[in-house]
Amino acid sequence: AEGARASTARAGWIAGFAPAATPEASARWPVILHRAGDGRFYADLSLDGHLVNVEADPSREATRLTITDLPPDAVPMAGAWEATLVVLEHHRLPAMRFAVADEPEVAAVIGADVLARHFMVEEQRDRLRLVPRQAGH
């Protein structure tokens, strides 16, 4: 029995529970964002390990960040900055270049350029469902 327990633990099974999610499996799970009290959708975005909360708006054409959203050591050049590790909620995205606004009144937003490229976007009355696209689609 001890050997069987050890082999199931190595396979990802723990005491009769289903295996822990793998990065490959979680990459297929949809991202569900609930509408906030102000009527907008917000998502956690990790940029090279730096976590920020941004608006997710599929009606906005372009994605942009503000200088305050960037990691402390980031140096934008020519109004843009490239992140090598980008994670929207639990979904890892490829490295990408972000437009960076330096006006303090401008809010960060993930727009249709990123959302439509990486997700099938389903907006409902109270939630935004982002279904990851398969590679090559």
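The structure is a predicted model, in which local features need pLDDT of at least 70 and side-chain atom pairs count only at pLDDT 80 or more, while totals for chains, interfaces and linings use all residues. Residues are numbered from 1 along each chain as its sequence is written, and side-chain values use heavy atoms, with hydrogens and water left out.

The chain contains three helices and eleven strands. Helices (H or I, at least four residues) and strands (E, at least two) are DSSP runs, numbered from the N terminus. The order of the elements from the N terminus is α-α-β-β-β-β-β-β-β-β-β-α-β-β. Of the 137 residues in the chain, 33% are buried; buried means under 20% relative accessible area, exposed over 50%, and partly exposed in between (1.4 Å probe, protein chains only). Among the contacts in the chain with a separation of 6 or more, 57% are between residues 24 or more positions apart, where contact means heavy atoms within 4.5 Å.

In soluble globular proteins, nonpolar side chains tend to be buried together. The largest nonpolar core in the model has 27 residues, and those with the most contacts inside it are Leu 45, Leu 47 and Phe 98. Such a core is a set of buried Ala, Val, Leu, Ile, Met, Phe, Trp, Tyr and Cys residues joined through side-chain atoms within 4.5 Å. Two or more residues of this core come from each of β1 (31–34), β2 (42–47), β3 (50–56), β5 (80–83), β6 (86–88), β8 (96–101), α3 (112–118) and β11 (127–132). With residues up to four places away in sequence not counted, Leu 45 touches His 50, Leu 51, Val 52, Val 54, Leu 65, Val 86, Val 87, Leu 88 and Ile 110.

Val 86, one of the residues touched by Leu 45, lies in strand β6. Val 86 is buried, with a relative accessible area of 0%. Beyond four places in sequence, Val 86 touches Leu 45, Ser 46, Leu 47, His 91, Arg 92, Leu 93, Pro 94, Met 96 and Phe 98. The C-alpha atoms of Val 86 and Asp 48 are separated by 6.3 Å, although the two residues are 38 residues apart along the chain.

An open sheet is formed by three strands in the order β1-β11-β10, with antiparallel pairing. Its edge strands are β1 and β10 (119–123), each of which pairs on one side only. From one strand to the next, the twist averages 15°. Strands count as paired if DSSP finds at least two bridges between them; β10 and β11 run antiparallel and are joined by five bridges. Glu 123 stands opposite Leu 128 in β11. Arg 129 is also found in β11 and is partly exposed, at 25% relative accessibility. Residues touched by Arg 129, apart from those up to four places away in sequence, are Pro 30, Val 31, Ile 32, Met 120, Val 121 and Glu 122. Arg 129 and His 34 are 95 residues apart in sequence, with a C-alpha to C-alpha distance of 8.7 Å.

Thr 66 lies in strand β4 (residues 64–66) and is buried, with a relative accessible area of 7%. The side chain of Thr 66 makes a polar contact of 2.9 Å with that of Thr 68 and another of 2.8 Å with that of Asp 69. A polar contact is a pair of N or O atoms within 3.5 Å; within protein, one must be able to donate a hydrogen and the other to accept it, and residues adjacent in sequence count only if both atoms are side-chain atoms. Thr 66 also touches Val 100, Ala 101, Val 106, Ala 107 and Ala 108, residues up to four places away in sequence being left out.

Most residues other than glycine have a negative phi. Ala 78 has a positive phi, near 55°. This residue is placed in the loop between β4 and β5, and Ala 78 counts as exposed, at 84% relative accessibility. Glu 89 likewise has a positive phi, of about 55°. Glu 89 is found in the loop between β6 and β7 (91–93) and is partly exposed, with a relative accessibility of 33%.

Technical notes: Axes fitted to C-alpha atoms, helices over the stretch in contact; angles between N-to-C directions.
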